[in-house]
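Please look over the structure shown below before reading the notes. They are arranged by topic.

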Protein chains: 2
Amino acid sequence: MVCGRISRLSVRDVRFPTSLGSHGSDAMQLFQTISLLLPPVLHLQQLEDVAYCIPKKTEDKCTLGPISHISLQTNPLLFYSRLMQKMDSRGTELPSLWEKALKLIGPEKGAVHLATAAILNAVWDLWAKQEGKPLWKLLVDMDPRMLLSCIDFRYITDVLTEEEAYEILQKGQVGKKEREGQMLTHGYPAYTTSCAWLGYSDDTLKQLCTQALKDGWTRFKVKVGADLQDDIRRCRLIRNIIGPEKILMMDANQRWDVPEAVEWMSSLAEFKPLWIEEPTSPDDILGHATISKALVPLGIGVATGEQCHNRVIFKQLLQAQALQFLQIDSCRLGSVNENLSVLLMAKKFEIPVCPHAGGVGLCELVQHLIIFDFISVSASLENRMCEYVDHLHEHFKYPVIIKNASYMPPQDAGYSTEMKAGSVKKHQYPDGEVWKKLLAAQGN
Amino acid sequence: MVCGRISRLSVRDVRFPTSLGSHGSDAMQLFQTISLLLPPVLHLQQLEDVAYCIPKKTEDKCTLGPISHISLQTNPLLFYSRLMQKMDSRGTELPSLWEKALKLIGPEKGAVHLATAAILNAVWDLWAKQEGKPLWKLLVDMDPRMLLSCIDFRYITDVLTEEEAYEILQKGQVGKKEREGQMLTHGYPAYTTSCAWLGYSDDTLKQLCTQALKDGWTRFKVKVGADLQDDIRRCRLIRNIIGPEKILMMDANQRWDVPEAVEWMSSLAEFKPLWIEEPTSPDDILGHATISKALVPLGIGVATGEQCHNRVIFKQLLQAQALQFLQIDSCRLGSVNENLSVLLMAKKFEIPVCPHAGGVGLCELVQHLIIFDFISVSASLENRMCEYVDHLHEHFKYPVIIKNASYMPPQDAGYSTEMKAGSVKKHQYPDGEVWKKLLAAQGN
């Protein structure tokens, strides 16, 4: 139970100049110059907690106003439902900009949804800390009815009712203890995206792949989609280094139209990719279904989800058999709450969840969700793994621990969202030390 | 051709306290207290022009920075493609927040997409003024190839290629002159939403319907979805007043889950609605398809689109036979550019376009698009009409002209986007005269 009243919320603009080394480059952003991280700091009673979202520029009256009136009396559901379900309470005669914004700049997508998710991530972190547990353990120990009370079933009851979700969670109770033990001993399997960003030279790629193999990695992702001949060369290079048995995934970062995706991937089929990720627009459910239908016979699955903006899109991707691997994101969906609904729908359709991570702190957060998923929902590791990108962890108070290419379950209380104060200070844009130097060098 | 360089862009927060009279109330927003209008004012050379978008709070460096570097040398395409296609130019070593925002807070949805649309609306207004024509006429007279150069075909080539679009426009040349004459004489048919907002009393409803009939209206829309018994009473009341021959539409404003929508509308079928609008989440393409399949046999079509965030969603609604009436919105899609692609796709699928309007200034803008659609694309009025809401027109420099329940084609140059300076000043939030008084009365 989280108790308290939100007294203050502040937002900081924190950025990392990762592109100076082409880290993070892909077919849509060859020079991914800055990673953005803007943590809203939530002041609740005496506690202080950090989570994040993608850009909101400064402290904003839209969010501060209504949020400061919300008391947290039970669990994040109350908070969630008031924020996400368009602030349904009709008490005031002049409702806030926030309320309008939720409906009009969206609904349930874009900046407002992302900002809401960030605030809710902070609330979940706080709740886990108040219980003295890491978030995954808070979820694993939670009574199924309580868990379900955190889910907004609006718009998904045609594929998942609350009763069906309850049955899934009840079945998940069987063998839970053993699976928790398994996680604590072996961790959750990961794959690496750090070896093959699009902007890396062949030499860098070779060197990083060779090193990753030595470090025990068995699953690798390569960025594709900018130039077919380049892709063929790079995929051949990687396949030769890792050998025929290791797993290779490809990621096009939304680069193609539907027919183009099918054609391009047919040319890369010889390198035996497990999946093609984000072949086209993340909004194109029917497009992904068409691509799946064409590629599954070639042994290639479709993976997507990191930019799917809400549970309604995931629902349809499952209904349309548009994906073979479902990639949740801890900061794009409406926090833990909305991710819970997607994990349960994926279980119903028996589609493996392979979370998106990387970015800044995404690994830290999403490991909690996927470890919970294994212990309490999916009960399977078949065809499942969580993305891992080896950068920026040093800025977090509770960084991920990777052993034998697996995420080891976090032991510290909370949702692993907190950044180190020194890192935040140094990387604040534009006044932090790092940016002052870089901007001065640019003559800006 | 628009020539110039953008020197300044400013945004104002303008609101109207429409809910004081329950105008605009629906099943999701019973007290729609404020209408929002935030016009970015674009300063281009010596010209000044106004368009709008849904909330962006204040002048913002994200937009100001990169935009001020853009020269407009040919047509809005250059501007459009740079803004919408994720600012593909890779000149700078520290790309702007805007560029990241386009990809990350979206893509092509939410605040950034809406803000981009607003800026583009201003550019189109400017272009039409430089040509000395109302926007609809600029479009009608434009060479088909030039028109096509304004469209981003990314992600839609699986249903509409540039060549197919060209053929549609070429066919549209036949009889164009006659249709232009027809528009100038008779105007484009409209329907009214002003009689039956959800918050109106039965007496108000009776009185407004009776008056609207006297004024020549033959097509009426009623808000439904909050309470079935209320809906039955109100629909019976309206049907009795307007008689069995007049057209009645219903609008649920996203209130229902999929099975609920089918059940609820089956109960309202006796009142012979032409369509049910926004029965569920605007993201739920497959849900709309299920609802359509169930309701079309009852003689009820499905209408949606006012909150469809981009052409990819419209593409799928058409592919899935998920709607029988397609409702474009002049401010949600990426301006004229993205609307052109949707009009052409609708034509290919032979689905009538019945634009969303109302709000603040939406009628003023969208009339240009639908008049162009009739003259150059659809060449048909069958099952077609444009929404009309009778409020807030007095704040515009070039307000719509309605005659015999039809939109008469605007004659002034531009896109009818400009507000009166006095109205902007008075309704600025929170310092305009209107808000100062209201907020003082609230003791705020």
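This is a predicted model: local features need pLDDT of at least 70, side-chain atom pairs count only at pLDDT 80 or more; totals for chains, interfaces and linings use all residues.

Residues are numbered from 1 along each chain as its sequence is written, chains are lettered from A and ligands numbered from 1 in the order in which they are written, and side-chain values use heavy atoms, with hydrogens and water left out.

**Strand β7 of chain A**

- Strand β7 (residues 188-196) of chain A has nine of its nine residues buried, where buried means under 20% relative accessible area, exposed over 50% and partly exposed in between (1.4 Å probe, protein chains only).
- Helices (H or I, at least four residues) and strands (E, at least two) are DSSP runs, numbered from the N terminus.
- β7(A) runs antiparallel to strand β15 (residues 406-408) of chain A, with two bridges between them; two strands pair if DSSP finds at least two bridges between them.
- A:Ser406 in β15(A) lies opposite A:Pro189.
- Strand β13 (residues 386-388) of chain A is parallel to β7(A) and joined to it by three bridges, and A:Cys386 in β13(A) is the bridge partner of A:Ala190.
- Strand β8 (residues 219-223) of chain A also pairs with β7(A), in the parallel sense over two bridges, and A:Phe220 in β8(A) is the bridge partner of A:Thr192.

**B:Thr193**

- B:Thr193 is in strand β7 (residues 188-196) of chain B.
- Is B:Thr193 buried or exposed? B:Thr193 counts as buried because its relative accessibility is 0%.
- Leaving out residues up to four places away in sequence, B:Thr193 touches B:Lys221, B:Lys223, B:Glu387, B:Tyr388 and B:Val389; contact means heavy atoms within 4.5 Å.

**Helices α4 and α14 of chain A**

- Two packed helices are described by the angle between their axes and the distance between the axes.
- The axes of helix α4 (residues 110-131) and helix α14 (residues 335-349) of chain A come within 6 Å and cross at roughly 100°, which means that α4(A) is roughly perpendicular to α14(A) (65 to 115 degrees).
- Residues of α4(A) including A:His113 and A:Trp124 meet residues of α14(A), among them A:Ser335 and A:Glu338.

**Helix α11 of chain A**

- The buried residues of helix α11 (residues 258-268) of chain A are A:Val258, A:Ala261, A:Val262, A:Trp264, A:Met265 and A:Leu268.
- Their cover includes α10 (228-242) of chain A and α13 (311-319) of chain B.

How values were computed. Axes are lines fitted to C-alpha atoms, for helices over the stretch in contact, and angles run from 0 to 180 degrees between N-to-C directions. Angles under 35 degrees count as roughly parallel, over 145 as roughly antiparallel, 65 to 115 as roughly perpendicular and the rest as oblique.
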